[in-house]
Amino acid sequence: MKMTEIIKDAFQFPSRHTGRYAIYLLLSVLIVLFAFGGLLTYAFGILDSENYLTGGMYFLIALIIGILIEGYHLKVIKSGINREDNLPSFELFNDFMTGFDNFVVLLAYYLIPAIIVLLVAFDTNLFVKAIDVGREFLLQLFNVYIMGDSVNTAVDALSIVLSNFLGSLVVTITVALVLFVIFSFLRGMGEARLAATGSLKEALNIFESAKDLKRIGIARVVIVIALVLVIIIGIELILSLILGNYSFILSTFSIVITPYFVLVLQSALGLLYSDIA
């Protein structure tokens with residue numbers, strides 16, 4: 001398929017069965033509500049320890065719904081691979097089981113860059129330098145307010161340790177951004193492999209995922225996903241400008257269209273993978 005056709009079909013796909021999209025939207029809203037409820041409950045748990053159990057239950061419910069949605073995402077990707085016209089139906093048990101596999105794929109693909117970034121952080125002494133900043137801040141605070149030292153002297157001392165910390169932080173963040181972007185594309189291929197084959201083993205084969213990315217065309221995948229994201233950001237900016245003074249309406253629109261855009265990305269991924277499926 002041409003890239004323009006992929007983008008056009010991807011944006012139209014979630015609207016082709018409003019009933020099924022309504023269910024997906026409801027589940028997406030429930031995740032946010034339960035996760036937010038869990039956070040609030042844990043916040044109040046500082047005063048009442050019984051709230052910790054309630055907060056844990058909220059997070060567990062949010063996780064279960066999240067896994068269910070991950071399974072549905074696989075079906076949307078498979079619909080794109082098969083170039084189907086309508087949103088797939090929900091099958092709660094099957095969606096949960098495949099969603100669990102998809103959750104495993106997510107963890108597996110992001111574990112590697114997370115470990116590498118952590119090693120880089122240790123290699124650049126990021127955590128040690130962060131502690132040095134805190135220690136130096138307290139020391140200079142003591143020197144200025146208790147010992148009566150010059151503020152300029154304190155600022156100079158802080159600037160040195162802060163400069164060292166920022167240098168390590170920039171290196172670590174740069175490595176993190178590069179690796180997580182690369183592995184996000186690889187994870188997308190892993191998801192597509194899971195949707196196409198139903199095999200977790202095939203999905204976790206990172207080397208084959210990299211080969212699939214190359215078969216489709218790295219530039220082709222990057223351009224399509226980038227254009228979809230640009231269009232999504234553009235739509236959200238336009239809505240913000242138009243409805244900026246109507247926060248309630250803007251919030252309502254965001255709740256409705258954000259899950260829609262998630263399905264657009266899943267559909268685009270499936271359509272891209274259909275070229276080699």
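Student: Which residue forms a salt bridge with R187?

Tutor: Side chains of opposite charge can pair when their charged atoms come close. A salt bridge here is a side-chain nitrogen of Lys or Arg within 4 Å of a carboxyl oxygen of Asp or Glu. R187 pairs with E70, and their closest N and O atoms are 3.3 Å apart. R187 belongs to helix α6 and E70 to helix α3, so the bridge ties together parts 117 residues apart in sequence. Helices are DSSP runs (H or I, at least four residues), numbered from the N terminus.

This is a predicted model, in which local features need pLDDT of at least 70 and side-chain atom pairs count only at pLDDT 80 or more, while totals for chains, interfaces and linings use all residues. Residues are numbered from 1 along each chain as its sequence is written, and side-chain values use heavy atoms, with hydrogens and water left out.

Student: Is R187 buried or exposed?

Tutor: Buried means under 20% relative accessible area, exposed over 50%, and partly exposed in between (1.4 Å probe, protein chains only). R187 is buried at 12%, and E70 is buried at 16%.

Student: How many salt bridges does the structure hold?

Tutor: The structure holds twelve. One of them joins D212 and R215, at 2.2 Å from N to O. These two residues are three apart in helix α8 (residues 206-216), about one helical turn. D212 is buried, with a relative accessible area of 3%, whereas R215 is partly exposed at 48%. Both belong to a network of salt bridges that also includes R193, E202, E208 and K211.

Student: Why does the length of α6 agree with its number of residues?

Tutor: The expected span of a helix is 1.5 Å times one less than its number of residues. With 47 residues, α6 should span 69 Å, and its end C-alpha atoms are 65 Å apart, which agrees. After α6 comes G198, with a positive phi near 75°.

Student: Which residues other than glycine have a positive phi?

Tutor: N125 is one of them, with phi near 60°. N125 sits in the loop between α4 and α5. R83 also has a positive phi, about 55°, and lies in the loop between α3 (51-81) and α4 (92-123).

Student: What does S168 touch?

Tutor: Contact means heavy atoms within 4.5 Å. S168, in helix α6, touches T124, L126 and K129, leaving aside residues up to four places away in sequence. S168 is buried, at 3% relative accessibility.
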